Amino acid sequence: ADDDDGGGSGWLLPVVLVGGAGIAGLLVWRRSRRRQAEAVERARAEEADRQLLRAEISVLADDVVRLEPEIQLHPEARTDFEAAVSRYRAAQAALDYTDQPVDLVRVARVVAEARYAMERARAIIEGRPPPSPPDELQRPGLHGEPAITLDDDRQPAYVGYPGGFGGG
C-alpha cells in the first residue's frame with residue numbers, strides 16, 4: 001500500500017515555481033518603486049535648482065534697475081554692465097525652456113557670468129579696480145563652457161575664443 005513512488009512530492013515543483021515567481025515579482029516591484037522614488041527625488045532637486053536660479057535672476061534684475069542710472073554717470077562701466085544685462089536676459093529666457101538637468105547647469109553658468117560682469121560694473125562705478133573672475137569661472141564649465149580669464153587690458157575674455165567676453 002505504501003507503494004507510492006513519489007506521488008506525494010508532486011506538489012513540490014509547483015510550490016517552488018510559484019514561490020520563485022513570487023520572489024521575482026517582488027524584486028521587480030521593489031526595483032520599480034526605487035526607480036520611481038529616485039525619479040521623484042531628481043524632479044524635486046531640479047525644481048529646487050530652478051527656484052534658486054529664479055531667485056538669482058531676480059537679484060540680477062534688481063541690480064540692472066539699480067545700476068542703470070549710474071551707468072549714465074560712469075560710461076566706463078557700460079561694457080561690463082551690458083555684458084551682465086545680456087546674460088541676465090539670456091538666463092531669464094532660457095530658464096523657461098529648460099527640460100534637462102544639463103540645461104539648468106548651463107543657465108547657472110550664464111547667471112554666474114552675469115553676476116561677475118555686474119560685480120565688475122559695480123566696482124568701476126565705485127572707483128575700485130574690477131575683480132578677477134571667480135574661481136568657478138576660471139575653469140571650464142561642466143559641459144564644456146569656456147573658462148574666463150583677463151586679457152592684457154584686464155578685460156574678461158573667454159579662453160580659446162576670440163571676440164572677448166562683452167559679446168556674450
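Val-16 counts as exposed because its relative accessibility is 51%, where exposed is over 50% relative accessible area, buried is under 20% and partly exposed is in between (1.4 Å probe, protein chains only). The place of this valine is in helix H1; helices (H or I, at least four residues) and strands (E, at least two) are DSSP runs, numbered from the N terminus. Together with Trp-11, Leu-12 and Val-15, Val-16 makes a nonpolar surface patch of about 410 Å². Patches of this kind are made of residues with over 30% relative accessible area and no salt bridge, with nonpolar side chains (Val, Leu, Ile, Met, Phe, Trp, Tyr) joined within 5 Å and, for charged patches, like charges within 9 Å. Areas come from the Shrake-Rupley method with a 1.4 Å probe, and for residues only the protein chains shown count as cover.

The model is predicted, so to speak of local features takes pLDDT of at least 70 and side-chain atom pairs count only at pLDDT 80 or more, while totals for chains, interfaces and linings use all residues. Residues are numbered from 1 along each chain as its sequence is written, and side-chain values use heavy atoms, leaving out hydrogens and water.

Beyond its neighbours within four places in sequence, Phe-165 is in contact (heavy atoms within 4.5 Å) with residues including Ala-83, Tyr-116 and Ile-148.

Then there are the salt bridges, each a side-chain nitrogen of Lys or Arg within 4 Å of a carboxyl oxygen of Asp or Glu; the count comes to 10. Within H1, Arg-50 and Glu-47 sit 3 residues apart, about one turn of the helix, and their closest N and O atoms are 3.5 Å apart. Arg-50 is buried at 13% relative accessible area, whereas Glu-47 is partly exposed at 36%. Glu-136 pairs with Arg-115 at 3.4 Å, linking distant parts of the chain: helix H4 and helix H3, 21 residues apart. Glu-56, Arg-115 and Glu-136 are linked in a network of salt bridges.
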